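Here is a briefing on one chain fold, arranged by topic. Please look over the sequence and the model first.

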Amino acid sequence: MSRSEWEAACHHGSTCALTGSAAFFDSIPGSFTVVNGPLWCYFYAMKYVDNENPMASMRFSCTQVGPNSLVYGTEDDLCKGLSSIETYAKPERVFALNNCSVSLVGDDVQGIADQMDLPWPVYAMDSGGMKGSFEAGYSAASLRIEKEMKTKEKIPASVNVLGLSTVHMKGREDAEEIRRLLSLCGIRVISMPGGGSNWDDIMGAPSASLNIVVRDELGLSLAKQMEQDFGTPYMSCGLPYGTDGTMAWLSEIIEKLRAGELTRASHEAAKLKEFLLRKGNNLESLWGPLWFDAVLISAPPSEALGIAETIRSEWIDTARLVIHAQCETKKSTPAADAIRVVMKNEKEIAKDYEDWQGGLVLSSSHETHLLRRMGRSFTGFHIALPSHDEVHFSDLPQCGLRGAGYLYEQLWNAKLRK
C-alpha cells in the first residue's frame, strides 16, 4: 500500500479540538455555540455534532470571519454573531469558540462579549486551548466549565460520571444505562458533564462524593482539577461491558465509594446471563461455536479495551485479538495479544491490515472501508464513529447489562453473515 493511500485512510480518523469543545458544550440543554472563525470549521464541527444530536444545527452559528479580521481583529465579527443570536433565539447561555486561525489573532473574546450587555451569559474559550485533537478540545471545554463551579457540601453515596460524550457511538444510550445501573445500586448520579446533563446539574458536580472517569482521554483532566479545587476523589474505571464485566465494574465503584449494594443489579445480571447462555447454546448446536480466527478492535481506548475483555472472557474464542486504540492510552488488557495506538504505531497498524486473512472486525467505517479497498474478507459491526453504512435508531446501549444483549446478538449476527 502506498504511503499516500495509508495516510488518507488512517490519518483522517480523528477530529479537531474545535469539534471536541463544541460537542461538549452542545450536550448541555439550552446552550448555543458560536464559532468565531470561517465557515469551513463551523460546518465541519456542526455537522459532526449534528449527526448524533439532531437539531444541534439550530443551536450552532458562525461569525464568518474574513481575511481582514485575521489582521485587524475579529471584534466586529463576534459582536455581529452574538447580536444575531439575540434576534432569533432565547438561549440560556452561549459558548464562543475560536478556531485555529482566529486563535493566532489573540482577541479577548470574553472581554468583547462582556461589554455587549447581552441578556444571557457568554462563556469564551481560551484561544490557546483550541489546539490538538477532539479529546484535547473536549477536555479544555470541561475545564472551562469547571471554572464556573462553586464549593458545595458533599452528598453521601453520590457520584459524577466524567468522560461521556453524546457524539460517541451510542453515547447518549450508554449514559442512560450507566445512570440506571448506579441507581439500581442505590448510588445517586449528580451529573454527567458532556453526557447530556443540564447546566444546574453540572454546576452541582462539586457536591458528589466521588468522580467516576469512564474515558481517561476525555474526563481525567476534569477529575484531577476537581480533586484539587473541591477535594473530590476520583477513580478511573473505564466503561462496563458484558454481565460479569458490568458486575465487576459496579463492585469496584461500591468499594471505592463505600456505599451502595449489588442485590438488584446482581439479580438482573443473573437472569440475563442465563438467558444469553441458553440462547447461545441453542445457536451453537446449529452453527457451531462462536469462533473467529482473528479479531480486530479499533475504537476509543475505553470501548476497545472493555469490549475486548468481555468478548474474550464471556462470549467468543479466537486465536488472536489486536486492538487499535484511536487515541493515546496508558491502559492495557491481557485479553489483547497486541495494543497499538493510531497515529503512533503506524507501521505495525499497516502490517496488521496487510497481513489480515479474515475474521471479526469491530471498528468504525474508516477501518472497514480500508479493508474493502484492500480486498480483505471480514465480518463485523461498528462500535465507533463514523458509521457510514450502518444506522442506529434504537435506545439500546453498548455498555452495561442492556448493552450485553445488544453486543452478544451483534456477535452472532456477524458469525451468521460470515
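Pro386 sits in the loop between E13 and helix H17 (400-417). Helices (H or I, at least four residues) and strands (E, at least two) are DSSP runs, numbered from the N terminus. The peptide bond joining Leu385 and Pro386 is cis, with omega about 5°.

This is a predicted model, in which local features need pLDDT of at least 70, side-chain atom pairs count only at pLDDT 80 or more, and totals for chains, interfaces and linings use all residues. Residues are numbered from 1 along each chain as its sequence is written, and side-chain values use heavy atoms, with hydrogens and water left out.

- Strand E12 (residues 360-363) and E13 run parallel and are joined by 4 bridges. Two strands pair if DSSP finds at least two bridges between them.
- Val361 has Gly380 as its bridge partner in E13.
- In a regular strand, side chains alternate between the two faces of the sheet.
- Strand E13 (residues 379-382) is covered on both faces: Thr379 and Phe381 are buried on one side, Gly380 and His382 on the other. Buried means under 20% relative accessible area, exposed over 50%, and partly exposed in between (1.4 Å probe, protein chains only).
- Helix H16 spans residues 365-373, and its buried residues include Ser365, Glu367, Thr368, Leu370 and Leu371.
- At the start of H16, a side-chain oxygen of Ser364 comes to within 3.3 Å of the backbone nitrogen of His366.
- Just after H16, Gly375 has a positive phi of about 75°.

- Lys170 is not a glycine, yet its phi is positive, about 60°. Lys170 is in the loop between E5 and helix H9 (171-184). Lys170 counts as buried because its relative accessibility is 4%.
- Met343 is another residue other than glycine with a positive phi, near 80°. Its loop runs between strand E11 (338-341) and helix H15 (346-354). Met343 counts as partly exposed because its relative accessible area is 46%.

**Glu303 in helix H14**

- Glu303 belongs to helix H14 (residues 301-315). Glu303 has 2% relative accessibility, so it counts as buried.
- The side chains of Glu303 and Arg215 make a polar contact at 2.7 Å. A polar contact is a pair of N or O atoms within 3.5 Å; within protein, one must be able to donate a hydrogen and the other to accept it, and residues adjacent in sequence count only if both atoms are side-chain atoms.
- Not counting residues up to four places away in sequence, Glu303 touches His168, Arg215, Leu239 and Tyr241. Contact means heavy atoms within 4.5 Å.

**The second largest pocket**

- The second largest pocket holds about 370 Å³ of space. On a 1 Å grid over the protein atoms alone, a pocket is an open set of points where a 1.4 Å probe fits, with protein on both sides within 12 Å along at least five of seven lines; lining residues have an atom within 4 Å of a point. Grid points are joined across faces, edges and corners, and the volume is the space filled by probe spheres set on the points.
- Its lining has 23 residues, with Cys237, Gly238, Leu239, Gly306 and Glu309 nearest the centre.
- H14 gives the most to this lining, with 8 residues. Helix H11 (216-230), helix H12 (243-257) and H14 each supply at least two.
- The lining divides into 8 nonpolar, 8 polar and 7 charged residues. Ala, Val, Leu, Ile, Met, Phe, Trp, Tyr, Cys and Pro count as nonpolar, Asp, Glu, Lys and Arg as charged, and the others, Gly among them, as polar.

**Two further buried sites**

- Asn160 is part of strand E5 (residues 158-162). Asn160 counts as buried because its relative accessibility is 0%.
- The Asn160 side chain reaches the backbone oxygen of Ala205 at 2.8 Å. Beyond its neighbours within four places in sequence, its contacts include Ile190, Ser191, Leu210 and Met226.
- Pro240 is in the loop between strand E8 (234-236) and H12. Pro240 is buried, with 1% relative accessible area.
- Pro240 and Gln398 are 158 residues apart along the chain, with their C-alpha atoms separated by 9.1 Å. Not counting residues up to four places away, Pro240 touches Ile178, Thr246, Trp249, Cys399 and Gly400.
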